Amino acid sequence: MRARLIGLFRDSGPARCACLALVLTVATAACGRSSSSDGAFRPSGTFGGASAPPAATAAPPSALPTAQVDRVVLQRYREYQRVYKQVYETNDPAPLADVAADPLLSTVTEDVERTKAKGEFWRFTNVLNPKIQGRSTDGTQVIVLDCVRTLGAYRYSAKTGERLGSLPGGTALYQVFMKYEAGTWKAFKATLGKKC
């Protein structure tokens, strides 16, 4: 996969979109998911922040306070990044459907399938720093802007596990469009910007 690092491609089209998707996932993986434990008793059996971030908000975004929507969107963005990293490590794009929608879903799925067909897989580490950049007037689309730092990206043989190559690290602005549909937020479009 030639577009593993932010800042490598400044052109438009599928390669750029795939690079953006990779960057997002990588970035989330490096940061990890922070525990959001508030110390409250949880009779459901969950402990602290051990459960996955909420996939949906109970009410439509327009009925919720902006701060609450922003918090959920950023959680879903980080979950997208975690899943993105996972699908490149396992060459199984199936989990993407929970966190991404077309056209981004198709672009990343096709790239993972191409990587799998070559008998390779990728491991990478990104550091994320996402912020809300804007939103649609009806509140069903939110733009996340992130300065993603790629610490490293490594290509491996799926057969032997041998490392086949690497790409240098770097930083770039990454803009992801999140949309609310069927009760959840999903990444559906991404663009890669200049070094940040």
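**Start with the whole chain**

The model is predicted. Show it as a cartoon and colour by secondary structure. The protein has three helices and six strands. Follow them from the N terminus and the order reads α-α-α-β-β-β-β-β-β. The protein has 196 residues, and 44% of them count as buried. Now consider the contacts with a separation of 6 or more: residues 24 or more positions apart account for 66% of those.

**Stop 1: helix 2 and helix 3**

Select residues 66–90 for helix 2 and residues 104–117 for helix 3. Two packed helices are described by the angle between their axes and the distance between the axes. Here the angle is about 25°, and the axes lie 10 Å apart. Angles under 35 degrees count as roughly parallel, so helix 2 is roughly parallel to helix 3.

Which residues make the contact? On helix 2, select Tyr-80, Tyr-84, Val-87 and Tyr-88. On helix 3, select Leu-104, Val-108, Asp-111, Val-112 and Thr-115. Sorted by class, this contact has seven nonpolar residues, one polar and one charged.

Stay on helix 2 and pick Lys-85. Is Lys-85 buried or exposed? Lys-85 has a relative accessible area of 19%, so it is buried; the cut-off for buried is under 20%. A polar contact of 2.6 Å joins the side chains of Lys-85 and Glu-89.

**Stop 2: the loop between the helices**

Asn-91 is not a glycine, yet its phi is positive, at about 60°. Asn-91 counts as buried because its relative accessibility is 8%.

Pro-103 is found in this loop too. Select Asp-102 with Pro-103 and look at the backbone. The peptide bond joining Asp-102 and Pro-103 is cis, with omega at about 15°.

**Stop 3**

Select residues 120–127, which make up strand 1. Begin with Glu-120, which lies in this strand. At 11% relative accessibility, Glu-120 is counted as buried. Show the side chain of Arg-155 as well. The side chains of Glu-120 and Arg-155 make a polar contact at 3.0 Å.

What else does Glu-120 contact, beyond its neighbours within four places in sequence? Besides Arg-155, there are Asn-91, Thr-115, Tyr-156, Ala-158 and Leu-164. Thr-115 belongs to the helix 3 side of the helix contact.

Step to Phe-121, also in strand 1. Phe-121 is buried, with a relative accessible area of 12%. Neighbours within four places aside, Phe-121 is in contact with Tyr-88, Glu-89, Asn-91 and Thr-115, and with Tyr-154, Arg-155, Tyr-156, Ser-157 and Ala-158.

**Stop 3**

**Stop 4: Gln-175 in strand 5**

Select residues 170–181, which are strand 5, and find Gln-175. A polar contact of 2.5 Å joins the side chains of Gln-175 and Gln-133.

Which residues does Gln-175 touch, not counting residues up to four places away in sequence? The list is Gln-133, Ile-143, Val-144, Leu-145, Lys-189, Ala-190 and Thr-191. Lys-189 is 14 residues from Gln-175 along the chain, and their C-alpha atoms are separated by 8.3 Å.

**Last stop: Ala-182**

Finish in the loop between strand 5 and strand 6 (184–192), and pick Ala-182. Ala-182 is not a glycine, but its phi is positive, at about 55°. Is Ala-182 buried or exposed? Ala-182 is exposed, with a relative accessible area of 84%.

Note on methods
Residues numbered from 1 in each chain as written. Predicted model: local features only at pLDDT ≥ 70, side-chain atom pairs only at ≥ 80, totals over all residues. Heavy atoms only, no water. Helix = DSSP H or I, 4+ residues; strand = E, 2+ residues; numbered from the N terminus. Buried < 20%, exposed > 50% of the residue type's maximum accessible area, 1.4 Å probe, protein only. Polar contact = N/O pair within 3.5 Å; in protein donor to acceptor, adjacent residues only side chain to side chain. Contact = heavy atoms within 4.5 Å. Axes fitted to C-alpha atoms, helices over the stretch in contact; angles between N-to-C directions. Parallel < 35°, antiparallel > 145°, perpendicular 65-115°, else oblique. Nonpolar A, V, L, I, M, F, W, Y, C, P; charged D, E, K, R; others polar.
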